[in-house]
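I opened this notebook to record the charged side-chain contacts in one model. The entries follow in the order in which I looked them up.

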Amino acid sequence: MEVKTSLLDNMIGVGDMVLLEPLSEDSFIANLRNRFDHNEIYTYIGSVVISMNPYRSLPIFTPEKVEEYRNRNFYELSPHIYALADEAYRSLRDQDKDQCILITGESGAGKTEASKLVMSYVAAVCGKGQEVNKVKEQLLQSNPVLEAFGNAKTVRNDNSSRFGKYMDIEFDFKGDPLGGVISNYLLEKSRVVKQPRGERNFHIFYQLLSGASDDTLKKLKLDRDFSKYNYLSLDSAAVNGLDDAANFRTVRNAMQIVGFMEDEVQSVLELVAAVLKLGNIEFKPESRCNGNDESRIKDKNDLKEMCELLGTEQTVLERAFSYRTVEAKQEKVCTTLNVAQAYYARDALAKNLYSRLFSWLVTRINESIKAAPKSRHKVMGVLDIYGFEIFEENSFEQFIINYCNEKLQQIFIELTLREEQEEYIREGIEWTNIEYFNNAIICDLIENHQNGILAMLDEECLRPGTVTDETFLDKLNTICAEHLHFESRLSKSSKFLTDHSLPHNCFRIQHYAGKVLYRAEGFVDKNNDLLYRDLSQAMYKANHSLMKQLFPEGNPAKVNLKRPPTAGFQFRHSVGTLMRNLQTKNPNYIRCIKPNDKKASHIFTDSLVCHQVRYLGLMENVRVRRAGYAFRQAYEPCLERYKMLCKRTWPHWRGPAREGVEVLMADLTVPTEEFSYGRSKVFIRNPRTLFSLEERRRQCLQDLATLIQKIYRGWKCRSHFLLLKKSQIVVAAWFRRYAQQNKYKRIKSATTVVQSYTRGWQARKLLRELKYQKRCEEAVTTISAYWHGTQARMELRRLKQEARNIHAVTVIWAYWQGTKVRREYRKFFRANAGKKIYNFTIQRIMQKYFLGLKSTMPSMSPIDKSWPVKPYLFLDGVHSDLRRIFHLWRCKKYRSEFTEEKKAVFEEKLEASEIFKDKKALYASSVSQPFIGDYLEISKNPKYQKLNSAMDEKVLLADVVNKINRANGKGTARIFLLTKNSVVLADQKTGQVKASVPLPDLTSVSVSTQSDGFFALKLKEGSASAIKGDFLLSSEHLIEIITKLHRTGATAADSEQLNIDISDEFLVQFKHDKVCVKFIQGGPKNGNSVSCKRKNNRLLEVSVPSTV
Ligand SMILES: Nc1ncnc2c1ncn2[C@@H]1O[C@H](COP(=O)(O)OP(=O)(O)O)[C@@H](O)[C@H]1O
Ligand SMILES: [Mg+2]
């Protein structure tokens, strides 16, 4: 909700002077002072803003403040220049009314600052965008440029505007700025050549010298030292708080933003430098033959440099400072200038040069900031003109300035009253005429075309003959003597004859703002503003880009013999234009007041303020405003503000606002003469009435505040209570839910338990019943079974008894029969019975024996020696026979399963047993050893490949044997091979055949009875093999070798049976002699091995350990 405020809220003193009660000058000033002391520098008189210069920066011009005042009604917030700017801008934008902001006040009162604040506010609130921002920036940046060239330090203001400025800012229909036009009024050019004590020349001179780079200064032929220049006042060259160097940079920058070209800036600076140089040119008198003194330039160096800067010819200028050409009616008269005239000419040139440069700058800025020609622009004009000035000595400038202010006051009165009047008419309120001082009479005194002071001055200036300030004053004294506001000692009005405050060479004007004494001296000259034609022509000729534009009258082609318009005339003309312009616009006033003369903050000099209040006509302003109605307000805000004072309008009024206000006023019993109803506003005549309304409102607000507080507290407590209640319900609900859930769970589990018990009980009951039933059934069955059993048993018993009875009868009968038969056959039985019983018994025993034997038969292994024990002694023979038969049968069975090879092996083994069993001790150990035959694996072993291939028969036996050396009984390893036809001995290492004996050549083999492996192969005498003698060999496989040899010999067709000679002593035929080999049982000294020793030539003794 937007909070409606009013300027009446938190007001310090009275925000609007119209409401001042009682209204007097004292209360007016006291109110200003009160507000000033509280930093409230702005106060309204209706819609006029009074601005007090605070001489210090206040925090009320921030962007936040801009936002605060933006789009708010004028009286809504405390007085502020922004409120005025906003009002003006909005009515320009929304109501399509051209506006002008008129800022008045004396020098140093803050007009220029105010104008800048207005511009900056408008810039801040108007449209945005790249193009718009550029325009805004250019408009704002025109200020520093103009201030540098047009402002100067004066005793009243360190930054005093020495020209009048009116700036039209142009807007489009949306309120976006398009551009602007600046008009300047009467630059105080006398300042260029001379400054009053304590004041400075225009800022730019100091800025240039302080801020320009050395390079620039060198180009401009300038020296940084101020004291080198006559035109610069030295006593106040440096100003506190003014940084000329920094400002120079600002100005350069601003010029660039505004759109000055670099060469333009350079040209401008050259002219500034030229003015400074010009001031340094000095003259000396030179006596001429006609007795007159002619002026000559003292030191031509400055002239030379100046000419270089301007591009003029030195001689031309030099001449122009010594001679003057007057042209009249095609006649040229050349007169010489004396030193004073030369100085006058120099200064006139400097002043003209500078003021024209200034005007050129304004034109140039306008070129940059001018808006594109469009059908319709809305315009806001800001007028910042020099204020009313009263010095000790006032001259032509003050006269002109004060005239301007007079005109502004005129327009102020006119427009304010007219506006007031128009409002009453607009609102349909009766208008009563108001008495006020109209300064039109003073304006008339000055500007009247026939006998106005300015007209008189012009007349004097244009009049032929000697014209001096005195003749001018005389004229005034004659013509204006009767005027109420003109005072002069010499006027015809006798009342001033004795007025000593009025010197003879002066006249006094009673301006609206006070009496000002003007010294007539210089009026004529300044009005003429004469620049010798020689000088303007010299300037025109200068080779400088700006000079032709600045001195157009110097163009020899356009020599105009008519005098140029006088300064007064020009000013009057431009003021007239300005006034006409302003009159077409809606005025907004800012009236600036200076609180003290010391440029100090916090000091409020009553007398000074009082003076300003008087001459600004502020009291009259208030009175005029109050003459009708002191206060007015639109119906809506009025009703909004006071509706709480009446029950019928509070809190809401449904009808039209005006009716609401009428009801309100009637209810409040406000006297009817105290107010009037306009079309859209209610007008309140007396501030008192307003204040009483305000007071009642304040009281009511307090009550309302209490009421609101009460209701709010009530509401707050109730909401809190409701919240608590709601929370409690929620909590309770949750708790109940929780409790019920628990209860439910408990009941559920209890139910389950009970249910389970019941079910259990029921089940058990059922079970019991079932069991009982079953038992009953079983009992029935049992009983019936028992009964049936009993029955059956009884029946059985009966049957048995019956059968027994029958059996007994049968038995008895059989016994009786038996007895009868036995008695019959007893005699037969005794003869044959013994033999038959015996046979039968024997038969039975045999039967039992055989059947028993069948079940206790031993295994089928031929080596199984077991056999059932004999059962009866009388079966001994049968038993052993059966054992043998069974063994034989078993062996047969065993044999029948033999393969041919196995059979051969067994045959060999059998043969071995036939040969050696019980004949040689070694045999026993050989039984369990299988006969392998080829121990060397001769066919597979690659070592014996050659040997094997030498054999033409299949090798039956291959083994390593020891060939016993006859000489020492030691053995040499030999390979022993047996084939079907022969025995071969070969070297064990090389496999070379040592001896091959065909089997038929073998006669016998000799072995010992003992467990050694010695054997001798004896050869047939006379055979080819026998040449080398018999072989005595030893082998571990002796039994096998001999057996195989025996078998092979037996199978060979052409050989005889090989004899096996087993004895412990046999002869061996070695090559030449026979040696006896004798085997003896060796003692333990021989160890476990068989040793063979030669005992003598004929005996080899072999010792065989008994254990082997
Ligand atoms: N609103 C303001 N806030 C702070 N200082 C101000 C304000 N208005 C004026 N001044 C001070 O007063 C001086 C003179 O103001 P200025 O506007 O130049 O006066 P005028 O144009 O009326 O001669 C300024 O340089 C500035 O120091
Ligand atoms: Mg100013």
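Entry 1. I looked up K277 and found that it forms a salt bridge with E305, the closest N and O atoms being 2.6 Å apart. I take a salt bridge as a side-chain nitrogen of Lys or Arg within 4 Å of a carboxyl oxygen of Asp or Glu. K277 lies in helix α10 (residues 262–280) and E305 in helix α11 (residues 300–310), so the pair ties together parts that are 28 residues apart in sequence. Helices here are DSSP runs (H or I, at least four residues), as are strands (E, at least two), numbered from the N terminus. I noted that K277 and E305 are both buried. Buried means under 20% relative accessible area, exposed over 50%, and partly exposed in between (1.4 Å probe, protein chains only).

Entry 2. I recorded the basis of the work: this is a predicted model, in which local features need pLDDT of at least 70 and side-chain atom pairs count only at pLDDT 80 or more, while totals for chains, interfaces and linings use all residues. Side-chain values use heavy atoms, without hydrogens and water, and residues are numbered from 1 along each chain as its sequence is written.

Entry 3. I then turned to D529, which meets K189 in a salt bridge (2.5 Å, N to O). This pair links distant parts of the chain, 340 residues apart: D529 is in the loop between α18 (523–528) and α19 (533–541), and K189 is in the loop between β7 (177–185) and α6 (190–193). D529 is partly exposed, at 25% relative accessibility.

Note on methods: Chains are lettered from A and ligands numbered from 1 in the order in which they are written.
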